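Please look at the sequence and the structure shown below, and keep both in view while reading the explanation.

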Amino acid sequence: MVTNAPAAARPQTAARSEAQVCARVADLEALLGDPTDPANPAGYPALLRADDDAVRFAHGEELLDDFGMHTEYVPARLGGRLDSIETLVRVMRPVFRRDVGLGMGYGAMSFMAASDVWNEGGEDQQRWLAARLLRGARAAIAQHETAHSNDYVRSRVTARETPSGGLVLSGRKPMINNLDRAEALVLFCRTDPAPGSRSHSALLLDPAELPAGRATLLDRHMALGLRGNVWGGIAFDDCPVPASALLGPVGSGVATALRSFQISRTVISSMVLAAVDTSLRTAVRFDHEHRSGGWTSGASDSQRTTAAITGAFVNLLLYDCLATVATRAIHLLPEQTSVYSSAVKYLLPRILTETMYDLSIVLGAGFYARTGTLGIFQKHVRDVPVVSLGHAGTVACQATVIPQLPRLAARSWFREEEAPAALFRPGQALPEFDAGRLSLACGRDGLSATLPAAAADIPGRGPVERALAQLAGLLVDEFRDLRDRVLALELRDRTTPVGAACFPLMDRYALLLAASAVLGVWRHNQGGPDPFLADPAWAAAALHRIARRLGATVPDLPRECETRVRHEVQLRFSDQRGYDLYNTPVPG
C-alpha cells in the first residue's frame, strides 16, 4: 500500500510471498486457537459473553496486539506490514471468522480512516498517523449522517474559515465507531454551503487536542449487531482546528470519500465472508453431531438439508470469486474498481445474509441458541447485516454504478479487452498499489469481457463441462440483453439514466460480474495448486445459481456437480480447511 506520490519517488517494496502470507495466517490461527474449545479464553464462549455484556472482547484484542495486527494497516514504506490489499484481507479473515465485531472494532475501522490518509494526506500527516498506529493506537472515521439516511454529503458538521487561516467546526456526528478511544479522527464536514461535489472536505484531527468545551462526546448508541463495538458521537461548538488538519485541498472531501469507498467497500466485504465460512462449518458440525452418520451418509432427514449445505458452499465460492477479483483489481485494474467494489458490496446482503438464513433450516431450533458452539451462528446472523448498512450500503452502491451504465454499455461491453489472468489467481504476487490511478468512473470493464471470452473457450469434454458451457452461453445472452436495455434507457442531460428500470438492471449487472469472476477463476486456475478450483463442477453450480437469480430457465445440473461439491464440503470439514478460495487450514 503506497500513496499517490509520483512513481519515481515511490520506494519499491517486495510483497510477501505466498508462503509467507500462509505462514502469517497460520500463526494467527494458532494464536487465537480453536474457537470451539470451551477452555479457550479466545473461543466462542468467551466472545459470546462479551457480546451479551455489550463490551469489547478484551482478550481477543490483547492477542491481536501480541500478533502485531495494528501494523498490518500501515504501509511498509512507513514501517508497517501493509504491502497488498489482498494480504490484509487474508490476515484479517481469521478474526472475522470468529467475531465480526472484533474485526470491525479492533482494526477495520482504523484501516478505513487510515486509507484516506495514505491516499490523500501529506507526508507529515501520513507519518504522524503511522507512528500512532504502529504503537497500537486506534483511528476513527466520521462520515455517518443518521439524520439523513447516512447521506454523508448532507453533513451536519460545518467548517468555516477564520481570518487567521484556521477552521471552526460546528454541528455533530452521532455515530462513530471507536471514538471513545481514538487517537486520530478523520472527519468529513461541509466547507461550502452550496450544493455540489466541492461542498465537503476531510480533516485529520487529534481528539486529545480539541479544546475543552468546544468538542463534546455524546452518549453511546446500542445496536442489535456488533454489540461489542462502541458507537459514540461528537458535538462541535465553534471548535477551532488548524488549517493543517485538511486532507487534501478544501472541497476535495467528496472525491476523497468516493476513492476511499473503492478500497473500504472491497476490503470489508471480503473480510466478512469469513463469518459465513464459520456459519457453514457450524451447520455441518451440527448435522454431523445430531443426525446418525451425518448428512453425507444419506441418513439426513431431508434433501433440504443437503441442498442448504451444498448451496451455501456454492454461494460462498461465487461471492468470494467476485470479492477476491475486486480485491486484486485494486492493484491490477485500479481505474475500474469503482464498479467492482460497488458490485461486491451490493451483493453482500443479497448473498451472504441470505445464505446464513438458508443454513438456519439445518439448525432448526438450534438457530436461536445464544451460547455454546451454536451461539456464534446467531451472532453472525446479527452482525453481518450491520456491515452492509451506512454510507457505503446498497443504495450508495447503486448510486455509484447506475450513472456509469450507459457509458459502459456503449463503449466497453463486448468491446473491452479481457482482464489479465493474474486478476483471477488468488495469492499470486501483485504489483504495488498506486492510489493515483483510482478513478471515479473510467468507462471501462475488463472483468465482464471474461464472460464471453471464457464461454467461447470451454472444451466441453464431459457432461459437467458441457453444462458449464451451456450456462456460460446463456449468461452471455443475458449480458447482451442487458446491454440493449441499458442503451434504451431514458437519459437526463444525455448522460444520466432515469426511471425505476435502472435498479433491476444494476442488479443484473452485479450478478453478471459475479458470473464473470467465477468463470475467470475456474479458467485461469487449470493446473493450479488447488485441483478443486480447476474442477468445472463448482463453477457450473455457481453459474446455475446466478442464472436462476436472473430469472432464466435452466436445465438441471448433472448429478456429478452436486456429488463433487458435496464431497468437497465434507473433505474440507474433515481436514479442517476453510471454505473460501484460499482453502487454508483452520482450527475447529
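This is a predicted model: local features need pLDDT of at least 70, side-chain atom pairs count only at pLDDT 80 or more; totals for chains, interfaces and linings use all residues.

Residues are numbered from 1 along each chain as its sequence is written, and side-chain values use heavy atoms, with hydrogens and water left out.

Two packed helices are described by the angle between their axes and the distance between the axes. Helix α7 covers residues 253–290 and helix α8 covers residues 303–332, and their axes come within 9 Å and cross at roughly 160°; helices here are DSSP runs (H or I, at least four residues), and strands are runs of E of at least two, numbered from the N terminus. The two helices α7 and α8 are therefore roughly antiparallel to each other, a term for angles over 145 degrees. Among the residues of α7 that meet α8 are I263, L273 and V284, while those on the α8 side include I309, F313 and I330; contact means heavy atoms within 4.5 Å. The residues of this contact divide into 13 nonpolar, six polar and three charged (Ala, Val, Leu, Ile, Met, Phe, Trp, Tyr, Cys and Pro count as nonpolar, Asp, Glu, Lys and Arg as charged, and the others, Gly among them, as polar).

Because its relative accessibility is 14%, R508 counts as buried (buried means under 20% relative accessible area, exposed over 50%, and partly exposed in between, with a 1.4 Å probe and protein chains only). Leaving aside neighbours within four places in sequence, R508 is in contact with E478, D481, L482, R485 and L550.

D237, in contrast, lies in strand β7, residues 231–241, and counts as partly exposed because its relative accessibility is 43%.

Conventions: Axes are lines fitted to C-alpha atoms, for helices over the stretch in contact, and angles run from 0 to 180 degrees between N-to-C directions. Angles under 35 degrees count as roughly parallel, over 145 as roughly antiparallel, 65 to 115 as roughly perpendicular and the rest as oblique.
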